Amino acid sequence: MANKRHKPDEIVTKLRQVEVLMGQGLSRLDAIRRIGVVEQTYYRWRKQYGGMSRDQLRQLKDLQKEN
């Protein structure tokens with residue numbers, strides 16, 4: 001699989017997709033595979049962006065630029 005840099009907006013969307021797929025009855029590993037990333041990447045993203053909405057992500061970016 002080719003290395004691809006995902007944008008933070010895409011990451012938040014993919015994390016949300018995993019939650020939806022798990023709600024539909026898929027196991028966590030199957031849902032992670034379905035979005036096209038490996039398990040380690042998912043957990044790293046979840047640690048960094050877990051629970052964020054797009055608005056919160058924009059605020060975080062603005063604060064990082066300000067500093």
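**Figure 1. Arg-33 and Asp-30 in helix H2 of the predicted model.** Arg-33 and Asp-30 both belong to helix H2, where they stand three residues apart, about one turn of the helix; helices here are DSSP runs (H or I, at least four residues), numbered from the N terminus, and strands are runs of E with at least two residues. The side chains of Arg-33 and Asp-30 meet in a salt bridge with an N to O distance of 3.3 Å, a salt bridge being a side-chain nitrogen of Lys or Arg within 4 Å of a carboxyl oxygen of Asp or Glu. Arg-33 is exposed, with a relative accessible area of 57%, whereas Asp-30 counts as partly exposed at 37%; buried means under 20% relative accessible area, exposed over 50%, and partly exposed in between, for a 1.4 Å probe and protein chains only. Residues are numbered from 1 along each chain as its sequence is written, and side-chain values use heavy atoms, with hydrogens and water left out. Because this is a predicted model, local features need pLDDT of at least 70 and side-chain atom pairs count only at pLDDT 80 or more, while totals for chains, interfaces and linings use all residues.

**Figure 2. The salt bridge between Glu-19 and Arg-16 in helix H1.** The side chains of Glu-19 and Arg-16 come together in a salt bridge of 3.1 Å, N to O. Because these two residues are three apart in helix H1, Glu-19 and Arg-16 are separated by about one helical turn. Glu-19 is partly exposed, with 46% relative accessibility, and Arg-16 is likewise partly exposed, at 49%. By the rule used here, the count of salt bridges comes to two.

**Figure 3. Lys-14, a buried residue without a salt bridge.** Lys-14 lies in helix H1, which spans residues 8–23. Lys-14 is buried yet has no salt bridge, and the nearest side chain of opposite charge, that of Glu-10, is 6.6 Å away; in assigning charge, Lys and Arg count as positive and Asp and Glu as negative, while His and the chain ends are not counted. When neighbours within four places in sequence are left aside, Lys-14 is in contact with His-6, Ile-35 and Trp-45, contact meaning heavy atoms within 4.5 Å.

**Figure 4. The packing of helix H2 against helix H3.** Helix H2 (residues 28–35) and helix H3 (residues 39–49) pack at an angle of about 95 degrees, with their axes 9 Å apart; the axes are lines fitted to C-alpha atoms, for helices over the stretch in contact, and angles run from 0 to 180 degrees between N-to-C directions. H2 and H3 are therefore roughly perpendicular to each other, since angles of 65 to 115 degrees count as such, those under 35 as roughly parallel, those over 145 as roughly antiparallel and the rest as oblique. On the H2 side the contact is made by Arg-28, Leu-29 and Ile-32, and on the H3 side by Glu-39, Tyr-42, Tyr-43 and Arg-46.

**Figure 5. Ser-53 in the loop between H3 and H4.** Ser-53 is placed in the loop that lies between H3 and helix H4 (54–66), and Ser-53 is partly exposed, with a relative accessible area of 33%. Although Ser-53 and Thr-13 are 40 residues apart in sequence, their C-alpha atoms are 8.9 Å apart in space.
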